[in-house]
Amino acid sequence: MNIKLLLGANIRQTREEKNWSQDKLSEKTGLHRTYISGIERGVRNPTIEIVQQIAIALEVPIADLFKDKNQK
C-alpha cells in the first residue's frame, strides 16, 4: 500500500475511534482542517514533524500511524 494512503487511513481511523471530527483534530494539532483532510486522503506528504504533532494529539505512538493492519 502507498505509504501516504496508509498513514492517512490510520490517522482517520484513530481520529474516528476517538469520535473526533477533523475540526477537533485541527484544534488539537494547530493544523488547518483542510490540511488534515489532505493527509487523510493521501494527497498531502506531511513532514515527520507534522506526523509527530498528529500522533501526540491522538495520543498514539508514531509507529502506530504507519502500521499496515491488514498484514500479519
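Mentor: Happy to. Let's start with T14, which lies in helix α1; helices here are DSSP runs of H or I with at least four residues, and strands are E runs of at least two, numbered from the N terminus. Keep in mind that this is a predicted model, where local features need pLDDT of at least 70, side-chain atom pairs count only at pLDDT 80 or more, and totals for chains, interfaces and linings use all residues. Residues are numbered from 1 along each chain as its sequence is written, and side-chain values use heavy atoms, with hydrogens and water left out.

Trainee: Is T14 buried or exposed?

Mentor: T14 counts as buried because its relative accessibility is 9%. Buried means under 20% relative accessible area, exposed means over 50%, and partly exposed is in between, with a 1.4 Å probe and protein chains only.

Trainee: And what does T14 touch?

Mentor: Not counting residues up to four places away in sequence, T14 touches L58, V60 and L65. Contact here means heavy atoms within 4.5 Å.

Trainee: How about R15, what is R15 in contact with?

Mentor: R15 is found in helix α1 too. Leaving aside neighbours within four places in sequence, R15 is in contact with W20, S21, Q22, L25, E40 and L58.

Trainee: Where does an arginine like R15 sit, buried or exposed?

Mentor: R15 is buried, with a relative accessible area of 7%. Its side chain meets that of E40 in a salt bridge, at 2.6 Å from N to O. A salt bridge is a side-chain nitrogen of Lys or Arg within 4 Å of a carboxyl oxygen of Asp or Glu. R15 lies in helix α1 and E40 in helix α3, so the pair ties together parts that are 25 residues apart in sequence. Both R15 and E40 are buried.

Trainee: How many salt bridges does the structure hold?

Mentor: Five. Another one joins the side chains of E59 and K18, at 3.8 Å from N to O. That pair links distant parts of the chain, with E59 in the segment after α4 and K18 in the loop between α1 and α2, 41 residues apart. E59 is exposed, at 67% relative accessible area, while K18 counts as partly exposed at 30%.

Trainee: Which residue forms a salt bridge with D23?

Mentor: R33 does, with the closest N and O atoms 3.7 Å apart. Since R33 lies in helix α3 and D23 in helix α2, the pair ties together parts that are ten residues apart in sequence. R33 is partly exposed at 34% relative accessibility, and D23 is partly exposed as well, at 42%. There is also a network, in which salt bridges that share partners join R12, R15 and E40.

Trainee: Changing topic: what lies over the face of W20?

Mentor: K18 lies there, at 5.5 Å from the ring centre. A charge sits over a ring if NZ of Lys or CZ of Arg is within 6 Å of the ring centre and within 35 degrees of the ring normal.

Trainee: Now the helix α4. Which of its residues are buried?

Mentor: In α4, residues 48–58, the buried ones are I50, V51, I54, A55, A57 and L58. Seen down the helix axis, they fall within an arc of 165°, so they line one face of α4; the arc is that of the directions from the helix axis to the C-beta atoms. The face turned away from the buried side carries the exposed residues I48, E49 and I56.

Trainee: What covers the buried residues of α4?

Mentor: The cover includes α1 (3–17), α2 (22–29) and α3 (33–41).

Trainee: And how many residues has the largest nonpolar core?

Mentor: It has 15 residues, and those with the most contacts inside it are I11, L25, I54, L58 and L65. A nonpolar core is a set of buried Ala, Val, Leu, Ile, Met, Phe, Trp, Tyr and Cys residues joined through side-chain atoms within 4.5 Å. α1, α3 and α4 each supply at least two residues of this core, and α4 gives the most, with six.

Trainee: Last one: what is the phi of N19?

Mentor: Phi of N19 is near 60°, a positive value in a residue other than glycine. N19 is found in the loop between α1 and α2, and at 70% relative accessibility it counts as exposed. Just after α4, E59 also takes a positive phi, of about 60°. Most residues other than glycine have a negative phi.
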